[in-house]
Amino acid sequence: MLTAVAGIVGALVIGAWVVVAWGSRRRQPWLLTPFALLVVLLVAVGQAGWSFLPAAALVAGSFAELVIGARESPAVRTKDPDAPLSTERWAAAVAAPFRVALAEPWDVVARPSLRRRYRRLLERQWQVTDRESLLAAVEGLLDELHTSPTLDLVVDLRGGVARSRFPRDEGGQATGGHVLLTPEQVVRLRAVTGVGEADETVIIGAYQWWRSVHVIRLVCGGATLDWLSPVETQTLLRRVASDLQRRYSSWQQLSTAFHAGYLLWRDKGVEGDHGGTDRVWAALGLLTEDVRSPWNLLPWDMPLERVIPEGGLAANPEP
């Protein structure tokens with residue numbers, strides 16, 4: 001009887017551990033594999049009572065991963081620091097805040113360990129559930145970026161409020177978008193814009209192009225879920241990279257626009273943020289300041305490779 005109970009309990013615990021380990025972004029849960037094997041071995045040799053000890057260790061380890069893994073602090077991680085420059089790598093760097101927020105390598109476009117997270121994210125934020133809706137969302141965002149008017153963000157550093165408006169040469173009317181800033185956000189905006197303590201107002205122009213990052217996130221999700229081929233992925237990433245290189249002149253300009261647009265974005269943060277924390281905002285700070293950040297290492301104006309069609313010949317980089 002005890003053997004049967006131990007076998008059922010062991011199977012349930014091992015099954016739960018496998019689910020947690022498979023869904024985790026970290027390697028640590030797989031280090032519990034010897035405990036799972038020990039449970040099986042003890043039950044098989046008739047030492048059912050002792051099998052509850054490694055089973056309890058599996059339960060404790062799985063619970064700890066659910067708690068700790070979900071709250072891992074943002075970190076700048078790179079899968080291959082010595083990888084050659086490429087359009088994919090450059091585009092991945094643009095969307096790095098959302099990977100750094102999860103302590104995931106920023107330089108990996110297709111990330112199988114994030115499949116379930118991407119499925120939830122794409123459906124929740126863009127109602128994307130398959131290849132067709134993904135392509136429609138990508139084209140819709142690109143079209144909106146190219147047809148929407150240019151916008152400025154006017155930041156009142158003394159009053160702690162930021163308001164969106166049309167540029168002065170287009171009338172300067174307010175768009176209605178505004179956000180109250182915390183003291184920490186004011187300090188960050190002073191740092192990324194480079195204004196001094198004596199300045200009371202700063203204007204961040206053409207900030208709306210920060211939304212290109214969402215196109216990259218959609219493409220990364222499509223590549224991860226096998227909805228996009230490698231050629232389609234490269235083509236779309238090159239298209240976004242080309243747009244951004246024409247509209248901004250440096251990573252610092254992108255960082256400033258990203259900070260401005262993100263403050264007004266209604267879907268701030270990432271899944272798993274707790275207690276008012278915002279890991280994407282923290283990741284933006286890391287990418288701006290950390291010497292290992294791709295925003296501080298990659299050249300902004302690097303030539304973009306032409307996409308090689310399947311079975312085609314390599315083309316020269318774009319001048």
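Guide: A salt bridge is a side-chain nitrogen of Lys or Arg within 4 Å of a carboxyl oxygen of Asp or Glu. This is a predicted model, in which local features need pLDDT of at least 70 and side-chain atom pairs count only at pLDDT 80 or more, while totals for chains, interfaces and linings use all residues. Residues are numbered from 1 along each chain as its sequence is written, and side-chain values use heavy atoms, with hydrogens and water left out.

Visitor: How many salt bridges does the structure hold?

Guide: Side chains of opposite charge can pair when their charged atoms come close. The number of salt bridges in the structure is eleven.

Visitor: How many residues apart are R131 and E232?

Guide: The side chains of R131 and E232 form a salt bridge at 2.6 Å, N to O. This pair links distant parts of the chain, R131 belonging to helix 7 (residues 131-147) and E232 to helix 10 (residues 230-247); helices are DSSP runs (H or I, at least four residues) numbered from the N terminus. R131 is partly exposed at a relative accessible area of 30%, and E232 is likewise partly exposed, at 26%. In the chain, R131 and E232 are apart by 101 residues.

Visitor: Which residues are linked with D243 in a network of salt bridges?

Guide: D243 is buried, with a relative accessible area of 3%, whereas R247 is partly exposed, with 33%. The residues linked with D243 in the network are R246 and R247.

Visitor: Why is helix 11 described as largely enclosed by the rest of the structure?

Guide: Helix 11 covers residues 251-264. Its buried residues include W251, F258, H259 and Y262. Helix 11 is largely enclosed because, of its 14 residues, the number buried is eleven.

Conventions:
Helices (H or I, at least four residues) and strands (E, at least two) are DSSP runs, numbered from the N terminus. The expected span of a helix is 1.5 Å times one less than its number of residues. Buried means under 20% relative accessible area, exposed over 50%, partly exposed in between (1.4 Å probe, protein chains only).
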